[in-house]
Amino acid sequence: AGTLPEGRYQVYAYKDALAARAIRASRLGAGPFAPLELRLEAGAIVVGRVIDRGEGTGIAAAVELRPSGDDQAPRYARSGDDGVFRIAGVPNGTWIADAYAPGYTSPGGVELEAGKGVVELALARGAAIEGRVVDADGRPIAGATVRALGPNQTEYSADIDQDHLRRFSGNTAAPEPQVHAASADPLLVPRGELGVMVG
């Protein structure tokens, strides 16, 4: 694609149960660049279900399949309302499946061999803090940001939930880069007073 920003990429391809292992491609400078060749080999289709650990019912969730020690790109899917998900074109090997749904906590992932068995990701219902924000006279305040710090100073908030949901959906938690006159560097993603360099 001619519209990609400069950077380092993991490129892979798949079709059904066939998968090409990810290869790294640097696209820095004007090029020209040699074309890539991705070889499809026998792979697997990973099928699983995300469930409520207490009730055993399916949960709609974002699912992440990340490699275990292999230099492969992670894969992402969404489970349906019945909790079932399917990820095609997964190279053979060991992977870790994990899921995220707002209001639930994960045990940290399940290790699996691609294509062997049906993986079950059991999420536990998390605790909730409910209430309202009021001014000094007791009148409700709309639009206030509420955050909670838990054990080990872990932060919990709606913003953190959205960042988790984006990450488990394969999207960046940072806003899309915007080029401003003061910051014309397309590799800098502004974050507060600082920024993150892409690549």
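I began with a polar contact: the side chain of Gln 72 has a polar atom 2.8 Å from the backbone nitrogen of Ala 22. I count a polar contact as a pair of N or O atoms within 3.5 Å; within protein, one must be able to donate a hydrogen and the other to accept it, and residues adjacent in sequence count only if both atoms are side-chain atoms.

A note on the source before going on. This is a predicted model, in which local features need pLDDT of at least 70 and side-chain atom pairs count only at pLDDT 80 or more, while totals for chains, interfaces and linings use all residues. Residues are numbered from 1 along each chain as its sequence is written, and side-chain values use heavy atoms, with hydrogens and water left out.

**Entry: Gln 72**

I found Gln 72 in the loop between strand S5 (62–67) and strand S6 (75–78). Helices (H or I, at least four residues) and strands (E, at least two) are DSSP runs, numbered from the N terminus. Is Gln 72 buried or exposed? I put Gln 72 down as buried because its relative accessibility is 7%. My classes are buried under 20% relative accessible area, exposed over 50%, and partly exposed in between (1.4 Å probe, protein chains only).

Next I listed what Gln 72 touches, leaving aside neighbours within four places in sequence: Gln 10, Arg 21, Ala 22, Pro 67, Pro 91 and Trp 95. Contact here means heavy atoms within 4.5 Å.

**Entry: the sheet**

I then traced an open sheet of four strands, ordered S7-S4-S11-S9, with mixed pairing. S7 (84–90) and S9 are the edge strands, each pairing on one side only. Two strands pair if DSSP finds at least two bridges between them. Strands S4 (residues 44–52) and S11 (residues 119–125) run parallel to each other, paired over five bridges. Opposite Val 50 I found Leu 121 of S11.

**Entry: Thr 105**

Thr 105 sits in strand S9 (residues 104–105). I class Thr 105 as partly exposed because its relative accessibility is 43%. Not counting residues up to four places away in sequence, Thr 105 touches Leu 123, Ala 124 and Gly 126. I also looked up Arg 125, which is 20 residues from Thr 105 in sequence and 6.2 Å away in space, C-alpha to C-alpha.

**Entry: the whole chain**

To finish, I counted one helix and 15 strands in the protein chain. Buried residues make up 26% of its 199 residues. Of the contacts between residues at least 6 apart in sequence, 46% join residues at least 24 apart.
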